[in-house]
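This report walks through one protein model, from its fold down to single residues. Look at the sequence and the structure first.

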Amino acid sequence: MERVKVVIQATDPITYVGLSSYLQQRPEVLVVEQRDQADVQVLSTERVGPEALARLRNSAADGGLPTVLMTGELGEAPLLTLVECHVVAILPKNSVTGDQLVDCIVAAAAGNGVMPRDVLGTLLRRIKVLQQEVLAPNGLSASGLEPREVDVLRLIAEGWGTEEIAKELAYSERTVKNVIFNMTSRLHLRNRAHAVAYALRAGVI
């Protein structure tokens with residue numbers, strides 16, 4: 001099995017040394033110094049405060065590695081912000097075992113996530129509130145797509161042309177073209193194929 005390259009961040013130096021020493025002994029992972037060399041990032045912090053959030057935002061701005069967050073206190077942490085910063089696993093710093101940490105690192109590298117049940121429940125409730133109070137009133141879904149954009153993309157994905165889409169949805173061809181143009185511009189998508197791929201990844205078509 002290929003070793004997962006992991007970069008470590010910690011808000012205190014003793015924890016950094018301890019994590020580095022432990023993970024260097026594990027055959028599943030390879031500790032690297034630079035984020036651009038890594039597959040996964042581990043961030044250890046006592047609490048998700050301004051310093052930890054700044055580190056996560058900086059990492060996300062640099063391209064965003066899947067991040068395993070070890071924290072002693074989650075409190076009222078902005079869970080949606082953590083998700084936006086590519087946090088895919090949250091572990092209790094004071095009780096997590098070495099095996100659990102390595103399992104989470106391997107899972108993160110494979111595109112999976114690990115969240116405590118209470119955290120997952122809270123996150124889902126906050127997403128529901130976001131959908132009901134912010135997105136839906138503005139005619140958007142969680143993907144950032146309007147309902148008619150989803151309709152157009154679904155037909156494009158089935159191979160329909162502009163004229164066929166216009167007839168099916170009772171739009172003018174100009175309207176269909178405007179829907180596609182506005183959507184690709186707003187979401188910085190290159191073309192129709194890119195827009196379809198975006199919608200597929202978002203799970204809306």
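Predicted model: local features only at pLDDT ≥ 70, side-chain atom pairs only at ≥ 80, totals over all residues.

A disulfide is taken here as a pair of cysteine sulfur atoms within 2.5 Å. By that criterion, the structure holds zero disulfides. Cysteine 85 counts as buried, at 6% relative accessibility. Cysteine 104 is buried too, with a relative accessible area of 6%.

**Overall fold**

The protein has nine helices and five strands. Along the sequence they follow the pattern β-α-β-β-α-β-α-β-α-α-α-α-α-α. Of the 205 residues, 38% count as buried. Among contacts with a separation of 6 or more, residues 24 or more positions apart account for 65%.

**The sheet**

In what order do the five strands lie in the sheet? The order is β2-β1-β3-β4-β5. The sheet is open, and the pairing is parallel. Strands β2 (29-32) and β5 (87-92) stand at the edges. Each has a single partner strand, so one side of each is left without a neighbour in the sheet. Neighbouring strands are turned by 30° against each other on average, direction ignored.

Two of the strand pairings can be followed down to a bridge. Strands β1 and β2 pair in the parallel sense over four bridges. Within that pairing, valine 6 has valine 31 of β2 as its bridge partner. Strand β4 (residues 67-73) pairs with β5, also in the parallel sense, over five bridges. Here the bridge partner of valine 68 is alanine 89 in β5.

Is β1 largely enclosed or largely open? Six of its seven residues are buried, so β1 is largely enclosed by the rest of the structure.

**Helices across the sheet**

| Helix | Residues | Lies across | Angle |
|---|---|---|---|
| α1 | 13-23 | β1, β2, β3 and β4 | about 165° to β1 |
| α2 | 50-61 | β1, β3, β4 and β5 | about 165° to β3 |

**Serine 44**

Serine 44 is found in strand β3 (residues 40-47). How buried is serine 44? Its relative accessible area is 0%. The buried cut-off is under 20%, so serine 44 is classed as buried. Leaving aside neighbours within four places in sequence, serine 44 is in contact with Gln9, Ala10, Thr11, Thr15, Leu19, Met70 and Lys93.

**Nonpolar cores**

The largest nonpolar core has 19 residues. Which of them touch the most other members? They are Leu23, Val42, Val68, Leu101 and Ile105. At least two residues of this core come from each of β1, α1, β2, β3, β4, β5 and α4 (98-109). Helix α4 gives the most, with five residues.

Back in the largest core, take leucine 23. Not counting residues up to four places away in sequence, leucine 23 touches Val6, Ile8, Val29, Val31, Leu101, Val102 and Ile105. Val6 and Val31, on this contact list, are also bridge partners.

**Helix α7 and threonine 162**

Which residues of helix α7 (residues 162-169) are buried? They are Thr162, Ile165 and Ala166. Seen down the axis of α7, these residues fall within an arc of 100°, so they line one face of the helix. Alanine 170 follows α7 and has a positive phi, near 60°.

Threonine 162 belongs to helix α7. Its relative accessibility is 13%, so threonine 162 counts as buried. Not counting residues up to four places away in sequence, threonine 162 touches Glu173, Val176, Lys177 and Arg192. Take glutamate 173 from that list. Threonine 162 and glutamate 173 are 11 residues apart in sequence, and 6.2 Å apart in space, C-alpha to C-alpha.

Key:
Residues numbered from 1 in each chain as written. Heavy atoms only, no water. Buried < 20%, exposed > 50% of the residue type's maximum accessible area, 1.4 Å probe, protein only. Contact = heavy atoms within 4.5 Å. Pairing = 2+ DSSP bridges. Axes fitted to C-alpha atoms, helices over the stretch in contact; angles between N-to-C directions. Core = buried A, V, L, I, M, F, W, Y, C linked by side-chain atoms within 4.5 Å. Arc of directions from axis to C-beta.
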